[in-house]
Amino acid sequence: MLHDRVLVDVDAAAGERRSSSGILIPATVQMGRRLTWAKVVAIGPNVRAVEADDRVLFDPEERAEVELQAKTYVLLRERDIHAVASDNVADTGTGLYL
């Protein structure tokens, strides 16, 4: 990995969704601009905000797909990541987290 690049593995469950009433929405349906969760696989030397195994939120339109060992990954710039998921909330701060 070079510079500020982040290699992520898109969650398999991110494709299909269920509405609040329980209707299954297939992955092929376009619903405006929807962000996607993924797991960080590798990072470049200039990446500061994320680490390997973090869950990140990104816009699927700002990506480049790459296939490595018969598995498809997404290559992003660090600036294209909108949020990093947190497992716990620190006692200081607002208590808001993803």
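**Strands, core and charges**

Me: What makes strands β6 and β7 a pair?
Reply: Strand β6 (residues 64-68) and strand β7 (residues 71-77) run antiparallel and are joined by 5 bridges. Two strands pair if DSSP finds at least two bridges between them, so these two qualify. The names come from DSSP runs numbered from the N terminus: strands are E runs of at least two residues, and helices are H or I runs of at least four.

Me: Before we go on, where do these values come from?
Reply: This is a predicted model, where local features need pLDDT of at least 70 and side-chain atom pairs count only at pLDDT 80 or more, while totals for chains, interfaces and linings use all residues. Residues are numbered from 1 along each chain as its sequence is written, and side-chain values use heavy atoms, with hydrogens and water left out.

Me: How do you know which strands stand at the edges of the sheet?
Reply: Follow the order of the 6 strands in this open, antiparallel sheet: β6-β7-β1-β4-β5-β8. β6 and β8 (81-84) each have a single partner strand, so one side of each has no neighbour in the sheet. Going from one strand to the next, the twist averages 45°. That angle runs between N-to-C directions, on a scale from 0 to 180 degrees, using lines fitted to C-alpha atoms (for helices, over the stretch in contact).

Me: What makes the 11 residues of the largest nonpolar core a core?
Reply: The residues are V6, V8, A38, V40, V47, V50, V56, F58, V74, L76 and I81. To count, they must be buried Ala, Val, Leu, Ile, Met, Phe, Trp, Tyr or Cys residues joined through side-chain atoms within 4.5 Å. Buried means under 20% relative accessible area, exposed means over 50%, and partly exposed is in between (1.4 Å probe, protein chains only). The elements giving two or more residues to this core are β1 (5-10), β4 (36-43), β5 (55-58) and β7. Zoom in on V56: among the residues it touches are V8, A38, V40, V50 and I81, not counting residues up to four places away in sequence. Touching here means contact, with heavy atoms within 4.5 Å.

Me: Why is the link between D4 and R77 called a salt bridge?
Reply: A salt bridge needs a side-chain nitrogen of Lys or Arg within 4 Å of a carboxyl oxygen of Asp or Glu. The closest N and O atoms of D4 and R77 are 3.7 Å apart, so the pair passes. It links distant parts of the chain: D4 sits in the segment before β1 and R77 in strand β7, 73 residues apart. R5 also bridges to D4, at 3.0 Å, and D4, R5 and R77 are linked in a network.

Me: Is D4 called buried or exposed?
Reply: Its relative accessible area is 19%, so D4 counts as buried. R5 has 25% and R77 has 30%, so R5 and R77 are partly exposed.

Me: How do you know D80 has no salt bridge?
Reply: The nearest side chain of opposite charge, R79, is 4.4 Å away. Opposite charge means Lys or Arg (positive) against Asp or Glu (negative); His and the chain ends are not counted.

Me: Where does A70 lie?
Reply: A70 lies in the loop between β6 and β7. A70 has a positive phi of about 65° although it is not a glycine, and its relative accessible area is 72%, so A70 counts as exposed. In the hairpin of β6 and β7, which has 2 residues between the strands, Q69 also takes a positive phi, near 50°.
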